[in-house]
Amino acid sequence: MRPLGKSAKLANVCYDIRGPVMARAKQLEEEGHRILKLNIGNLAPFGFDAPEEIVQDVIRNLPDAAGYCDSKGLFSARKAIMHETQRLGIKGVQIEDIYIGNGVSELIVMTMQAMLDIGDEVLLPAPDYPLWTAGVTLAGGTPRHYLCREEAGWLPDLDDIRAKITPKTKAIVVINPNNPTGALYPEPVLRELIEIAREHQLVICADEIYDKMVYDGAKHVPLASLADDLLFLTYNGLSKNYRSCGYRTGWVVLSGEKRHAQDFIEGLTMLASMRLCANVPAQHAIQTALGGYQSIYELVAPDGRLTRQRDLAWEMLNAIPGVSCVKPQATLYLFPRLDPKVYPIQDDQQFVLEMLEEEKVLVVQGSGFNWPSPDHFRVVFLPHEEVLREAIQRMERFLANYRKRHST
């Protein structure tokens, strides 16, 4: 038989959050090793349960959820999302402007497929959530990464954005709150981003899946609430704020100026129809989730579990020689830096693989988030405090041995 290779479209596509290092972790588990997993923002395995009222709504509606629904989603769910946009100050959103998908992941790929022609460029943050880069690439587009500056609290470098805009630039992606850095962008920065998009007639794609998962009394400002003369695509869902990753329920809301984008909207509607609909049972959770008690605020309160674990992980990482970390204002993640003078890393995937082999701690290398230098990795602070403490102690031991091996 002639060899069957992967499609050439996948040549520059990667998703290292579930890449080769995780595959090795799975092998080690099968061999009987206990792996401490700080690699993925999957809340349920760490005891963060979906709110009971959401679970009950899905159960109660299950007998009526066996058929296809409208390709854009259940009317009741989209109406609840529309009311949420009104609460957030996003103007003019109608039911037909809302598309429900099998998680935000599906909607990223779908909207990029509908928007991009071969060679179109999209501005993406570095570091980014890698599915954005993959989605642009799969759609035939060219990712252009703008830097977020660690010394500025991981805020976007506006000059770098301006320098990377070309006549082929079609859209800019803003991930706020940011995965993997935990940064929360202040309103003046958001307004500057809008002004850049306005000047160059760019579509703004706002990934706001962590918008309620913020700490220390900070407030998230929805990007689309600040203007209505540009086309905004705002992505959100149940996975994080409502601890329902496995439900695979997300949505994208189109707002602002849409008259020039009718052809794109027609294409997006066609793609939504081609997959018939998003999974129906989990859509029954949306109305209850958005309209009910927001238990996420207990978890991010000053004495909440997520806040305590963030503080513990941040303090322990910063206490390790040669490691520094900006304190995250939001999300589930830290993105610590390894001083290259102390840790002369050439290949950061090999580095995290060595950590896994030696200490059975699983993290994701910074290059997996399209960070250009091998000097960062992402840590998830979801495990209970005692497990988190053990994991970072193992990490500290590995780093001490690494320093000894590479000292000059």
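Where is P180 found? I looked, and P180 sits in the loop between β6 and α7. My helices are DSSP runs of H or I with at least four residues, my strands are E runs of at least two, and both are numbered from the N terminus.

**Ground rules**

I'm working on a predicted model, where local features need pLDDT of at least 70, side-chain atom pairs count only at pLDDT 80 or more, and totals for chains, interfaces and linings use all residues. Residues are numbered from 1 along each chain as its sequence is written, and side-chain values use heavy atoms, with hydrogens and water left out.

**Cis peptides**

Back to that loop. A cis peptide bond joins N179 and P180, and omega there is about 25 degrees. I also checked P177, which has its place in the loop between β6 (169-175) and α7 (187-200). The bond from N176 to P177 is cis too, with omega near -5 degrees.

**Positive phi**

W154 is a residue other than glycine with a positive phi, near 65 degrees. I found W154 in the loop between β4 (142-149) and β5 (155-156). Buried or exposed, this W154? With a relative accessible area of 1%, W154 is buried; my cut-offs are under 20% relative accessible area for buried, over 50% for exposed and partly exposed in between, using a 1.4 Å probe and protein chains only.

D216 also has a positive phi without being glycine, near 60 degrees. Its place is in the loop between β7 (203-207) and β8 (231-237). D216 comes out as exposed because its relative accessible area is 55%.

**Cysteines**

I searched the whole structure for disulfides (cysteine sulfur pairs within 2.5 Å) and got 0. C325 is in no disulfide, and the nearest cysteine sulfur, that of C148, is 15 Å away. C325 has 7% relative accessibility, so I log C325 as buried. C245, at 13%, counts as buried as well.

**α4 against α8**

At what angle do α4 and α8 pack? Helix α4 (residues 103-115) and helix α8 (residues 262-274) meet at about 135 degrees, with axes 8 Å apart. The axes are lines fitted to C-alpha atoms over the stretch in contact, and angles run from 0 to 180 degrees between N-to-C directions. So α4 and α8 are oblique to each other; in this scheme angles under 35 degrees are roughly parallel, over 145 roughly antiparallel, 65 to 115 roughly perpendicular and the rest oblique.

The crossing of α4 and α8 is right-handed, meaning that the near helix is turned clockwise from the far one by less than a right angle, with anticlockwise being left-handed. On the α4 side, I listed M110, T111, Q113, A114 and M115 as making the contact (heavy atoms within 4.5 Å). From α8 come F264, G267, L268, L271 and A272. By class, the contact of α4 with α8 has 7 nonpolar, 3 polar and no charged residues. Ala, Val, Leu, Ile, Met, Phe, Trp, Tyr, Cys and Pro count as nonpolar, Asp, Glu, Lys and Arg as charged, and the others, Gly among them, as polar.

**α11 against α13**

Then I did the α11 and α13 pair. Helix α11 (residues 305-318) packs on helix α13 (residues 385-406) at about 15 degrees, and their axes are 10 Å apart. That makes α11 and α13 roughly parallel to each other, and their crossing is right-handed. The contact uses R308, Q309, L312, A313, M316 and L317 of α11, plus E385, L388, R389, I392, Q393 and M395 of α13. Sorted by class, the contact of α11 with α13 has 7 nonpolar, 2 polar and 3 charged residues.

**Helix α9**

How many residues of α9 are buried? For α9 (residues 280-291) I have 9 of 12, a mostly covered helix. Among the buried ones are H284, I286 and L290. What covers the buried residues of α9 includes α2 (52-61), α3 (75-88), β2 (98-101) and β9 (250-256).

L158 belongs to helix α6 (residues 158-163) and counts as buried at 17% relative accessibility. Leaving aside neighbours within four places in sequence, I get E192, L193 and I196 as contacts of L158. L158 and L193 are 35 residues apart in sequence, with C-alpha atoms 7.4 Å apart.

R34 lies in the loop between α1 (20-30) and β1 (36-37). At 46% relative accessibility, I put R34 down as partly exposed. Not counting residues up to four places away in sequence, R34 touches K360, V387, E390 and R394.
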